[in-house]
Amino acid sequence: MPIALIQPTDIVFQAVCDPAAPSQPDLAGVVTLSLAAGATVGLGAAAYRVFGSRGQSETVIVPEGAQAVFDPSFNSGQDVLILGGDFGDYCFQLLGSTVRATSANGTAIDVPLGGAGLRFGFDDSFQRASFDPATGELSFHQLSGIPPAVPEIDPAAVSRIVLSPNGETSVGLGAFTVFGRPAGEETLTLGAGALVTLDPSFNQGGDTIVMPGASGDFERTRDGSTLVFDDGEGTVLRLPFGLESTFVTFDNGRFQVFFDQDDDEVEFQRVITPTADMGDLMPVEALIL
């Protein structure tokens, strides 16, 4: 197992990996995430190619189970990656100019290493990883015995996610615009604190959005051709609607959203399992034009 730091000035080399940890990031179903300059974002338990900026510092929260490959902009050393779990839960390997971090919790990430090093946050500490020219090894220096503070979310710093056809992904804390595929049936899961705007391709219907909490936790309002879900605690979904159904799943059931031309209303209806004497939809409420 990796060796834990004892003193803030200790230099620690880690090369022994838990056999239960992934050997490398699994990029099956990978999506592209382009960070806004200075953004704070949370990933989900999905696969990402992450593109940052060189002008400002970004903070990326990497939960347990996330798979990610970070682009060369991260070798500037300005950014902070906050990993779920303690420092000792992770194995770090230096592969050329790339640092690979893996854990038995299922997380696996590749991050490019530059001369300024990399900054990693954990539940129990804040560390800087760097290359030690004397040994040719990766070394760690403890910056603090507590995790780094997570910057406040700037709603104007909107990052972009591009889904693959019929793909699925998840997002955590932060502001995102998500681009789908008009002919696809994509699935997006929101974590608490996600501010998500879906692009107009989602009004073609067929997609599924998974929300944190129950349907009653969210106020629903109409803004033009968009239905806005807001829990009042920082989680917001802006869903463009059309004639075909988009499905929204909550803890208490699955619902469909579509525009009913006959009633001139946008409908929000619970999807239920049909029986011999009932249809497959039970209306819950309609938001009138």
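In which strand is Val 41 found?

1. Val 41 belongs to strand S3, residues 40–42; strands are DSSP runs of E of at least two residues, numbered from the N terminus. This is a predicted model, in which local features need pLDDT of at least 70 and side-chain atom pairs count only at pLDDT 80 or more, while totals for chains, interfaces and linings use all residues. Residues are numbered from 1 along each chain as its sequence is written, and side-chain values use heavy atoms, with hydrogens and water left out.

2. Val 41 is buried, its relative accessible area being 0% (buried means under 20%, exposed over 50%, partly exposed in between, with a 1.4 Å probe and protein chains only). Beyond its neighbours within four places in sequence, Val 41 has contacts (heavy atoms within 4.5 Å) that include Leu 35, Ile 61, Leu 173 and Phe 176. Val 41 and Ile 153 are 112 residues apart in sequence, yet 8.0 Å apart in space, C-alpha to C-alpha.

3. The whole structure holds 2 salt bridges (a side-chain nitrogen of Lys or Arg within 4 Å of a carboxyl oxygen of Asp or Glu). One of them pairs Arg 100 with Asp 110, with the closest N and O atoms 2.7 Å apart. Arg 100 lies in strand S9 and Asp 110 in strand S10, so the pair ties together parts 10 residues apart in sequence. Both Arg 100 and Asp 110 are buried.

4. Asp 223 forms a salt bridge with Arg 238, the closest N and O atoms being 2.8 Å apart. Because Asp 223 is in strand S20 and Arg 238 in strand S22, this pair ties together parts 15 residues apart in sequence. Asp 223 is partly exposed at 42% relative accessible area, and Arg 238 is partly exposed at 27%.

How values were computed: Helix = DSSP H or I, 4+ residues; strand = E, 2+ residues; numbered from the N terminus.
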